[in-house]
Amino acid sequence: MPVIPFADLGAIHEPMLEDLRAAFDRVVRSSAFNGGPEVEAFETAFAELVGVPHAVGVGSGTAALHLALVAAGIGPGDEVVLPPNTFVATAEAIVAAGATPVFADVEPDTALLDPAAVEAAVTDRTAAIAAVHLYGQVADMDRLGKLAEKRGLFLLEDAAQAVTSTWDGRQAGSLGAAAGFSFYPGKNLGALGEAGAVTTADPGLAKRVAQLRSHGESARYVHELGGVNERMDGLQAAFLNVKLPHLAELQRRRAAVVEQYRRRLAGVDGITWFATRAEAGHSHHLLVVQVDRRDAVLEAMRADGVQAMVHYPTPIHLQPAFAGAQGAGRFPVAEAMAERILSLPLFPHMTVEQVETSVAALRAAVEVRS
């Protein structure tokens with residue numbers, strides 16, 4: 001039985017192996033393992049891609065969100081509004097900054113943060129909104145931006161899944177006061193380990209993030225801020241510099257695979273697709289649908305050799321680390337969605353035959369259980 005992987009990073013890296021090895025050799029010979037020319041080159045190239053003046057490389061996407069909040073002055077006593085159906089790192093970053101996560105429900109047709117729910121969640125303690133661009137689609141940054149401006153809130157983009165995503169022609173990462181990107185290996189632009197970046201048009205915020213990532217240093221052994229150790233690794237920057245020129249082609253291929261799925265699943269009963277807003281350019285980090293009896297469908301697909309997954313099965317407010325006043329029943333859209341979402345295999349080098357196998361397994365599982 002053929003096994004269809006959820007993702008195939010080997011197929012992405014195979015054509016780049018010679019250049020990746022050369023990047024490794026270059027960094028080893030230079031001994032520029034933290035910071036240095038590879039990090040600086042990536043920061044410049046990534047800022048240009050996003051369309052902002054500043055990109056600051058850090059150790060992970062979680063660190064990017066954390067340091068952006070701290071650099072903005074968000075801390076103890078502050079509340080940050082976020083959706084409950086994101087990866088736990090969004091909430092972890094808020095807690096690491098000393099602030100309190102406050103959840104707001106999401107739109108049923110997009111799974112993205114509902115601006116009306118955000119406005120209802122804002123209190124006198126609210127200092128920021130963390131707008132998560134889930135699955136590769138940008139949240140409604142027009143409405144969230146207006147709300148942030150009206151209430152004087154820091155608007156942070158969690159763009160971990162949204163490299164090359166757009167809103168009204170503008171790149172994710174250029175739409176708020178700052179953004180956090182992840183280059184975890186499975187991301188559309190993935191390093192060969194952990195890495196992340198903060199993007200912003202604010203030179204002061206960029207400077208503070210750069211200080212915070214390196215123990216709060218303004219100069220060697222001069223620690224102006226209480227910082228952390230979250231510098232971008234020189235090797236990861238070098239690998240990202242190799243992969244960045246391939247991104248546009250990989251994204252084109254990824255979109256073509258999504259289109260194959262959509263054609264082959266058109267009109268199939270029992271499968272609900274999320275909508276893509278007219279203003280949004282989707283980067284297709286994940287291909288997520290909704291089905292009834294999701295766990296049974298997932299089990300059947302895996303039995304057929306198709307490695308589907310779930311992102312994410314338990315909303316953050318129901319996780320043991322975050323359970324509290326905002327318990328079950330408070331966010332019905334996110335909670336209901338968590339029981340129905342299913343992530344289908346998706347990677348740039350996915351073949352027509354692999355798509356057909358995945359579609360056949362999904363159709364069979366849905367039809368048997370309908």
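**Close-up views of a predicted model**

**View 1. Strand 12 pairs with strand 14 in this predicted model.** Two bridges link strand 12 to strand 14 (residues 287-290), and the two strands run antiparallel. Within this pairing, Thr272 lies opposite Gln290 of strand 14.

View 2. Strands of a sheet pair through backbone hydrogen bonds.

**View 3. Helix 11 crosses helix 13.** The axes of helix 11 (residues 294-303) and helix 13 (residues 352-368) come within 9 Å. They cross at roughly 135 degrees, which means that helix 11 is oblique to helix 13. The crossing is right-handed.

**View 4. Side by side, residues of helix 11 and helix 13 make the contact.** Helix 11 contributes Val297, Ala300 and Met301. Helix 13 contributes Ser358, Ala361, Leu362, Ala365 and Val366. Of the residues in this contact, seven are nonpolar, one is polar and none is charged.

**View 5. Gln171 sits in strand 7 (residues 170-171).** Which residues does Gln171 touch, not counting those up to four places away in sequence? They are Leu49, Val50, Thr164, Ser165 and Thr166. Gln171 and Leu49 are 122 residues apart in sequence. In space, their C-alpha atoms are 8.1 Å apart.

Notes:
Residues are numbered from 1 along each chain as its sequence is written. This is a predicted model: local features need pLDDT of at least 70, side-chain atom pairs count only at pLDDT 80 or more; totals for chains, interfaces and linings use all residues. Side-chain values use heavy atoms; hydrogens and water are left out. Axes are lines fitted to C-alpha atoms, for helices over the stretch in contact, and angles run from 0 to 180 degrees between N-to-C directions. Helices (H or I, at least four residues) and strands (E, at least two) are DSSP runs, numbered from the N terminus. Angles under 35 degrees count as roughly parallel, over 145 as roughly antiparallel, 65 to 115 as roughly perpendicular and the rest as oblique. A crossing is left-handed if the near helix is turned anticlockwise from the far one by less than a right angle, and right-handed if clockwise. Contact means heavy atoms within 4.5 Å. Ala, Val, Leu, Ile, Met, Phe, Trp, Tyr, Cys and Pro count as nonpolar, Asp, Glu, Lys and Arg as charged, and the others, Gly among them, as polar. Two strands pair if DSSP finds at least two bridges between them.
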